[in-house]
Amino acid sequence: MKQTKKVDSQYDVIFVGAGLGSLSAASMIAQKGKKVLVVDKHNIPGGYATNFSRKDFDFDVSLHSFDGVVKGGDSYKVIELTGVADKVEFLSHKTLYHFQQGDIDIKAKHRDIEDYKNQLFHYFPEEKDNIIRLFKEADKNYKDMCGFLFAKLPFWLRFLATPFFFKRILKYENDTVDSFFSRFTQNERLKAVLSAQWSYYGLPAKDLAFGYFSYPFIDYLRNGGYSIKGGSQKLSDALVEVIESNGGTVLLSSPVTDIIVNEKGRVEGIESKRSGVVSADKVVCNISPHAVVSLVGKDKFKPRFHTKLEAQKMSISGFQVYLGLDCNLADLGVKEDEYIRFFAPMLSQREQFECLQKGEVFDGKTGWSINYFSNVDDTLCAPGKSSLGLFTLIGSIDWHSLSKMEYREKKQQLTQMLIDKAAEQIPNLKDHIVVCEAGSPRTMTKFTNNPGGSIYGFEQNLKQSGLFRRFPQKYPIKGLYQVGAYTFPGAGFIGTMLSGKTLVDRYF
Ligand SMILES: Cc1cc2nc3c(=O)[nH]c(=O)nc-3n(C[C@H](O)[C@H](O)[C@H](O)COP(=O)(O)OP(=O)(O)OC[C@H]3O[C@@H](n4cnc5c(N)ncnc54)[C@H](O)[C@@H]3O)c2cc1C
């Protein structure tokens with residue numbers, strides 16, 4: 001996208017990076033009448049929330065499932081606040097997910113939590129009362145979270161009100177997903193089933209912070225999972241439209257090379273390739289905090305800040321294969337109500353995670369998933385054709401240091417392994433592949449600059465999650481802020497859009 005945009009010399013707020021966190025916050029601030037500039041290095045907006053095309057196929061880079069964006073639902077309020085409700089269409093997933101592990105085969109249907117619970121009762125009859133109690137409390141906790149996130153009160157008042165009105169946020173702030181579940185059941189198998197979607201959060205239930213997981217856990221089951229018609233690029237483009245129609249500017253293909261901080265320790269603006277120096281009193285960063293430090297200058301931060309930043313653990317990366325087929329999914333026997341299928345081996349999530357970190361995938365050691373894209377959105381390819389995605393989490397280990405040849409080989413090898421796995425589920429799949437593309441940890445870094453190809457910002461463990469422990473949205477430099485996956489509440493489409501809302505509620 002070649003742009004010839006006029007950039008002024010002064011803005012109220014400048015955003016570095018045009019991922020969902022930035023675009024959401026910028027759209028809200030622009031609607032309040034502030035003059036905003038969003039600058040990204042890529043030639044399309046959205047960060048991970050983008051599309052790419054190959055031949056007759058359009059692929060969504062990242063979105064597997066967007067939780068809760070149904071009119072009337074809490075998550076949908078973010079869509080309304082960002083001004084895109086009439087610009088994007090959400091397509092519901094008939095099956096939220098289909099989970100297979102050994103003899104357990106569960107299909108969570110769209111917005112049918114009672115049916116889901118009944119399936120759990122079927123596999124764990126002796127746990128029925130515990131399951132009922134668990135969901136009762138998880139529902140109440142979800143309400144507390146929504147209360148905190150969406151209350152029409154000043155942010156500081158919400159903080160003060162938390163121990164009285166949203167008390168479960170504090171009650172469970174030291175719980176992992178596993179320790180929350182353990183309050184109700186000791187059945188390890190049941191706990192693994194309840195956290196079947198753990199790959200969405202990038203950590204096993206024993207390490208994943210309940211405070212982060214608990215919102216989408218219930219939001220997915222109660223309000224459903226969705227794709228964006230036409231792919232997530234449509235959402236990113238719609239956010240750009242809102243920003244620009246409210247007087248803002250989104251400048252692409254323009255890496256930010258400097259964040260300017262004066263001798264008094266106050267932000268003054270940025271410099272980017274196509275804009276030159278631009279001034280603003282406030283700069284919001286949507287890039288990794290490590291990159292922020294190097295753009296600002298290491299010496300501008302106290303040693304304590306560096307120690308804190310260095311201690312932060314990055315989330316795991318992922319490997320995604322995108323396939324274009326010359327036939328309909330139904331021709332290959334894929335049922336039309338299928339959307340995402342998780343395949344899990346009979347191994348604990350922690351054991352799987354350790355293997356994934358080391359790059360030891362499959363061989364009965366690690367889980368993976370299929371997304372039948374065309375079963376939800378047939379606008380992404382020509383009639384008579386279809387597309388699907390294959391995904392595994394994977395550690396970044398040596399991906400970034402391989403030579404070009406080694407990298408190509410490794411990428412091809414893993415692509416082939418995923419296709420072989422998928423072909424066990426979909427006979428004749430291989431005869432119909434006409435487009436095959438893959439995104440590795442190295443691809444993730446190439447397009448977003450996220451270190452190690454991290455797909456979820458900082459890992460969502462107990463030490464790094466929640467209202468008080470997530471990486472702060474305000475830097476110890478006047479006028480400098482952070483938004484997106486690295487900060488509260490965390491990664492994901494709804495997570496990063498909520499980080500935009502939280503930033504605006506608290507500081508703008
Ligand atoms: C394969 C995959 C699958 C996923 N599946 C799901 C899912 O099903 N559901 C879900 O909710 N979430 C999912 N996610 C996570 C979700 O996509 C991310 O959490 C979210 O999009 C991250 O948004 P962000 O605001 O943190 O910014 P990012 O997307 O990280 O964007 C950062 C932006 O900063 C720009 N940038 C970097 N350096 C500079 C610089 N120097 N100058 C200018 N610009 C710069 C980059 O170009 C980029 O546009 C998935 C992610 C991946 C990769």
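1. The shell around the ligand consists of 18 nonpolar, 18 polar and two charged residues. Here Ala, Val, Leu, Ile, Met, Phe, Trp, Tyr, Cys and Pro count as nonpolar, Asp, Glu, Lys and Arg as charged, and the others, Gly among them, as polar.

2. This is a predicted model, in which local features need pLDDT of at least 70, side-chain atom pairs count only at pLDDT 80 or more, and totals for chains, interfaces and linings use all residues. Residues are numbered from 1 along each chain as its sequence is written.

3. The ligand is surrounded by 38 residues, of which Gly-17, Gly-19, Gly-21, Gly-47 and Gly-484 are the closest.

4. At least two shell residues come from each of α1 (20-31), β14 (317-325), α15 (441-448) and α16. Helices (H or I, at least four residues) and strands (E, at least two) are DSSP runs, numbered from the N terminus.

5. The C-alpha centres of domain 1 and domain 2 are 24 Å apart. Their contact takes 44 residues from domain 1 and 45 residues from domain 2; two residues are in contact if their C-beta atoms, placed from the backbone, lie within 7 Å.

Key: Domain bounds come from an automatic or database domain assignment. A residue is near a molecule or strand if its C-beta atom, placed from the backbone, lies within 6 Å of it.
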